[in-house]
Amino acid sequence: MKKIAKQESPEWFEAWKNDFEKENNRKPHYKNEFSTDDEAGRIRRRKLRKALIEEQGNICCYCMCRITENNSHIEHFWPKEEFTDIDLDYENLLASCNGEESLLAEDEHCGHRKNNWWRRDMISPAQGDVEKLFRYLPDGRIRSGKRSSNIAGEMIHHFGLDSYHLVRNRSQAIENSEVFEEETYTKEEIESFIDFYSHKTSDGYIPYCQAIVDCLEDML
Ligand SMILES: [Zn+2]
């Protein structure tokens with residue numbers, strides 16, 4: 001997972017929530033006020049999703065694949081069905097890919113696979129140490145990080161991060177990077193590659209960037 005640098009909640013979103021509460025004497029909820037059943041809800045949903053995608057540098061909050069407004073959804077890290085009091089807290093909102101919609105349930109991944117699963121000690125992509133929670137291998141596989149508790153393994157399973165398609169996509173992304181291009185690199189060259197894959201380009205982050213960074217770090 002790539003750490004998401006959450007920004008301030010968009011002004012329009014906070015202002016709309018405040019106005020809604022004043023007018024209706026209750027807090028708005030995602031299920032009602034962001035419903036696709038009405039035009040206003042659809043527009044709000046689209047606007048919010050756009051802000052989240054931009055914030056994340058156009059990659060999925062969990063698997064780091066490229067996402068656009070047409071292949072992603074608003075993800076509640078703490079499930080909206082269970083944590084209704086924070087269902088519109090900006091901190092709890094992320095943008096997830098839609099996974100592999102036509103596949104078998106066990107090969108599904110990210111927001112749709114995670115669904116309403118949660119555990120008190122799960123770690124959000126917005127938390128500081130998330131990049132060390134997992135370790136990506138050059139063949140695309142994912143493992144728990146060295147010092148991770150068993151929550152990393154649980155998250156890999158419940159988010160489907162070890163699904164066949166993700167392993168394959170990561171291994172291709174690593175293969176297309178500089179990781180295997182030459183036999184030997186200088187320390188400086190490796191560090192400059194790490195720097196490149198750790199930062200946003202004009203298109204956002206490179207898909208699967210953290211998997212590539214892990215492999216490069218192992219070369220140091
Ligand atoms: Zn994803």
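A: The structure, which is a predicted model, holds 14 aromatic pairs, a pair being two rings of Phe, Tyr or Trp (its six-membered ring) whose centres lie within 6.5 Å. One of these pairs joins Y185 and F193, whose rings are 5.0 Å apart centre to centre with 80 degrees between the planes, and is edge-to-face (planes over 60 degrees apart). Y185 counts as buried at 16% relative accessibility, and F193 is likewise buried, with a relative accessible area of 16% (buried means under 20%, exposed over 50% and partly exposed in between, with a 1.4 Å probe and protein chains only). The pair of F196 and Y197 is also edge-to-face, because the ring centres lie 5.0 Å apart and the planes stand at 80 degrees; here F196 is partly exposed at 40%, whereas Y197 is buried at 6%.

Ring pairs also link W12, F13, W16, F20, Y30, F34 and Y90 into a cluster. Over the face of Y90 lies K6, at 4.1 Å from the ring centre, and the charged end of R120 sits over the ring of W78, 6.0 Å from its centre (NZ of Lys or CZ of Arg within 6 Å of the ring centre and within 35 degrees of the ring normal).

The C-alpha atoms of D214 and Y136 are separated by 6.0 Å although the two residues are 78 apart along the chain, and D214 touches F134, R135 and Y136 when residues up to four places away in sequence are not counted (heavy atoms within 4.5 Å).

At the metal site, the zinc ion is coordinated by the SG atoms of C60, C63, C97 and C110 at 2.3 to 2.4 Å (donors are N, O and S atoms within 2.8 Å of the metal, or 3.2 Å for Na, K and Ca). The angles of 105 to 113 degrees subtended by the four donor atoms make the arrangement tetrahedral (four donors with all angles between 85 and 135 degrees). C63 lies in the loop between helix 3 (39-55) and strand 1 (72-76) and C97 in strand 2 (residues 93-97), so the pair ties together parts that are 34 residues apart in sequence (helices are DSSP runs of H or I with at least four residues, strands runs of E with at least two, numbered from the N terminus). Both C63 and C97 are buried.

Residues are numbered from 1 along each chain as its sequence is written, and side-chain values use heavy atoms, leaving out hydrogens and water. Local features need pLDDT of at least 70 and side-chain atom pairs count only at pLDDT 80 or more, while totals for chains, interfaces and linings use all residues.

Terms used. Four donors count as tetrahedral if all angles lie between 85 and 135 degrees; four count as square planar and six as octahedral if opposite donors are over 155 degrees apart and all others between 65 and 115; anything else is irregular. Rings of Phe, Tyr and Trp (its six-membered ring) pair if their centres lie within 6.5 Å; planes under 30 degrees apart count as stacked, over 60 as edge-to-face and the rest as tilted.
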